[in-house]
Amino acid sequence: MPKGGNDRVRRNAIVGLLFTAGIALMIAPLIAPPKTAKSPAPSPSPASYRSEQRVLTPQQEHSYKQMSIQRDMDASEKLCRLDCSRDVHKFVAEHDRIPTADRASHLKQIVAEHPHMVRVEWVRDGVPVREGDAKEELLKLAASDLAKAETALKTGKGYESASFKYDGKSHFVIAVPDESAGGDGVVALVCTDIVQEVERHQRRNLRVVPYPAEGRYRLESVIPGTNKDTTVRTGEDNGNASHYAVDEIVVKFRKPLEDRELLKLRKELDLTVVRHRGQTYLFRSKSRSMDELKHYFTAKWNPIFAEPHYLYLTNVANKTNETNKTDKTNAIIVPNDTLYSDYQWNLPEIATEQGWTVTRGANDIVVAVVDTGVQLDHPDLQGRLVEGRNIIDPTSEPLDDVGHGTHVAGIIAAKVNNNEGIAGMTWETKIMPVKVLDSTGAGTTYSVAEGIIWATDHGANVINMSLGNYASAEFLHDAVKYAHDKGVVLVAASGNDNTDRPGYPAAYPEVFAVAATNEDESKAEYSNYGDYIDVAAPGTSIASTYPGSRYAALSGTSMASPHVAALASLVRAANPSLTNEQVMELLRSTAKDLGSRGRDNEFGYGQIDAGAAVAAAGSQPGSASGTAGTAAELEAPGGGTLRLYPQRIKREVEELLRRSIR
């Protein structure tokens with residue numbers, strides 16, 4: 001269709017929606033003002049309001065991101081040390097039951113299960129047993145600290161060295177005495193390379209460096225909404241670029257192709273079918289560029305759409321209690337997970353503990369983590385996973401080879417109150433790992449779309465997408481609409497480029513878009529913003545699970561999004577009859593207002609409030625017979641009615657207007 005025809009269709013669609021919206025709004029206001037009851041929380045600090053006027057230069061933003069990365073590295077090292085210390089203390093407490101003849105094999109097994117412990121010396125009755133594969137150069141570098149640790153052990157004292165680097169990786173030495181036998185205990189040389197992993201991960205995640213590197217995928221970078229070339233030389237340039245494969249195209253035909261038609265295309269265009277679903281095909285050509293392919297299909301086939309195959313990226317940034325603590329005055333639950341009290345500022349900040357007094361989730365509610373995969377045998381995720389899918393390689397399990405997906409999964413559903421590691425937001429919710437991003441942390445819109453469809457068809461109630469880019473892809477939007485029409489709540493991170501350019505899939509009207517906040521309730525300086533943001537959630541220095549059965553602190557809207565996905569699962573557990581639109585509207589209406597009064601571009605409707613949201617869901621009957629997207633009504637907390645259909649129309653009108661401006 002000529003460009004003018006497209007414009008006429010778009011204008012007609014907008015006029016039609018505006019007419020519908022006008023009728024709906026004459027019947028009822030967009031949101032009949034409720035008296036919203038929220039969980040007890042301190043009044044917003046001045047910092048909550050200052051970011052509305054705060055404009056960062058590229059240099060200031062870069063400096064902040066570097067500080068954020070260093071903070072995540074420091075926090076991850078502390079998490080690693082604390083977790084390692086716990087493991088060694090546990091080993092010392094349990095070693096007495098091991099027969100002397102089995103000590104060597106037992107220690108070998110322990111080291112195999114904890115590969116970051118590169119050398120362990122276990123002393124019992126003055127006799128040492130050693131295990132590990134530390135290189136001679138490393139042992140020489142650590143000799144002084146190892147000697148100090150052994151001396152401390154002989155006097156019944158503990159020891160922990162400062163960090164030092166070998167081969168670009170951080171290490172430290174720890175000694176834990178056996179208090180029941182003087183001179184006995186364990187000395188361990190530990191590699192904390194997770195610090196360097198976090199640095200590499202966050203430099204990409206927060207877009208401090210150009211990412212992805214052009215050439216890795218045979219990519220071209222373009223200005224979003226166009227095919228005009230641009231070059232990404234710095235991390236700042238990422239905020240104004242989309243990326244697509246130069247030799248691939250996604251085409252949706254009017255009907256599925258016949259074999260003879262495919263054969264003709266193969267011969268004429270020197271192409272192969274990479275994947276296809278129904279009448280949508282992903283083609284790759286050995287000799288034609290994306291522009292040439294698009295011109296050919298548009299001119300000769302009149303497809304529903306022919307678009308670049310865009311690339312999407314991740315959007316990221318010692319004492320144990322024997323029992324959990326309950327504050328009976330405020331009716332909150334404080335779990336005994338070892339890292340919770342000192343490192344998980346995020347859950348108390350959004351009143352999660354109050355929410356747990358209403359519901360801790362349900363084991364038949366499933367959140368699909370459409371991401372880099374998940375470490376399937378992480379101790380803090382055992383019993384929390386259901387069958388997943390590896391879209392990148394369907395013959396393999398959805399294992400995490402990046403770290404991002406495991407971290408996201410832990411925020412949602414790490415085991416709670418198990419005296420280990422961190423606490424997830426839910427006690428019962430299941431995680432469905434769907435791997436759509438590869439070992440570089442990047443993937444294509446087609447893979448993401450396939451992951452959404454697979455998760456929907458296999459029972460996901462909520463889908464979290466801590467990924468995105470600035471290109472709107474029709475096939476991806478088709479997948480989003482398919483999931484939404486099936487009743488799934490779709491949640492996505494807005495991005496980490498501190499820009500108001502709409503990022504996708506977050507900016508689709510069917511998707512719940514999430515910005516990130518700091519510990520003081522200010523907008524995280526890296527967080528994207530704009531009129532498509534629904535809510536905000538904690539995103540800075542968030543502790544969670546990490547591959548290698550470890551824990552790390554990461555920052556980004558990637559970390560904010562799973563807080564919202566987890567809360568959506570809690571709301572669905574509290575009231576299973578709510579539709580996806582009702583769940584999303586409830587999260588908006590119960591959010592804690594930050595920034596400018598009312599809805600704003602930085603926080604949307606505010607920072608999520610878990611206590612208020614689940615209380616509102618649990619106290620309302622909802623609409624058991626409603627379907628996703630219908631004009632269902634839900635009583636707001638404290639009285640009033642939320643009329644959801646006009647809100648959805650408003651979002652669709654805004655999306656059409658946004659596209660018509662481009």
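C80 is buried, at a relative accessible area of 6% (buried is under 20% relative accessible area, exposed over 50%, partly exposed in between, with a 1.4 Å probe and protein chains only). C80 still sits in no disulfide, the nearest cysteine sulfur being that of C84, 6.3 Å away. Keep in mind that this is a predicted model, where local features need pLDDT of at least 70, side-chain atom pairs count only at pLDDT 80 or more, and totals for chains, interfaces and linings use all residues. Residues are numbered from 1 along each chain as its sequence is written, and side-chain values use heavy atoms, with hydrogens and water left out.

**Cysteines**

- A disulfide here is a pair of cysteine sulfur atoms within 2.5 Å, and by that rule the count is zero.
- C84 is in no disulfide either; its nearest cysteine sulfur belongs to C80, 6.3 Å off.
- Like C80, which is buried, C84 counts as buried, with 1% relative accessibility.

**Nonpolar cores**

- A nonpolar core is a set of buried Ala, Val, Leu, Ile, Met, Phe, Trp, Tyr and Cys residues joined through side-chain atoms within 4.5 Å.
- The largest one has 64 residues, and those touching the most other members are I412, M425, V491, V564, L567, V571 and L587.
- Helix α15 (residues 557-574) gives this core its largest share, nine residues. Helices (H or I, at least four residues) and strands (E, at least two) are DSSP runs, numbered from the N terminus.
- Domain 1 (58-198) and domain 3 (345-619) each supply at least three residues to this core; the domain bounds come from an automatic or database domain assignment.
- Another core of 47 residues lies apart from the largest one, with V480, A515, A536 and L594 among its members.
- As background, nonpolar side chains tend to be buried together in soluble globular proteins.

- Contact means heavy atoms within 4.5 Å. Skipping neighbours within four places in sequence, M425 is in contact with L347, I350, T352, W356, I411, I412, H563, A566, L567, L570 and A610.
- Two of those partners, I411 and I412, are also on the list of buried residues of α12.
- Helix α12 (residues 404-413) has ten of its ten residues buried, so the rest of the structure largely encloses it.

**Second largest pocket**

- A pocket is found on a 1 Å grid over the protein atoms alone: it is an open set of points where a 1.4 Å probe fits, with protein on both sides within 12 Å along at least five of seven lines, and lining residues have an atom within 4 Å of a point.
- The second largest pocket holds about 460 Å³ of space, the volume being the space filled by probe spheres set on the points.
- Its lining has 21 residues, and the closest to the centre are D87, K90, I110, E113 and H114.
- α3 (58-94), α4 (103-113) and β1 (117-124) are the elements giving two or more residues to that lining, with α3 providing the largest share, seven residues.

- R119 is in strand β1 and is buried, with a relative accessible area of 16%.
- Beyond neighbours within four places in sequence, R119 is in contact with R130, E131, G132, A134, L139, L146, V187, A188 and L189.
- M465, in strand β18 (residues 462-465), counts as buried at 0% relative accessibility.
- Not counting residues up to four places away, M465 touches V370, I452, L490, V491, A492, A493, P505, V511 and S561.
- M465 and L490 are 25 residues apart in sequence, yet 7.7 Å apart in space, C-alpha to C-alpha.

**Backbone and loops**

- Most residues other than glycine have a negative phi, and most peptide bonds are trans.
- The Y504 to P505 peptide bond is cis, with omega near 15°; P505 is in the loop between β20 (489-493) and β21 (511-517).
- D125 has a positive phi, near 55°, in the loop between β1 and β2 (127-132), and is exposed at 64% relative accessible area.
- D167 also has a positive phi, near 55°; D167 lies in the loop between β4 (164-166) and β5 (169-177) and is exposed, at 62%.
- K523, in the loop between β21 and β22 (535-538), counts as buried, at 6% relative accessibility.
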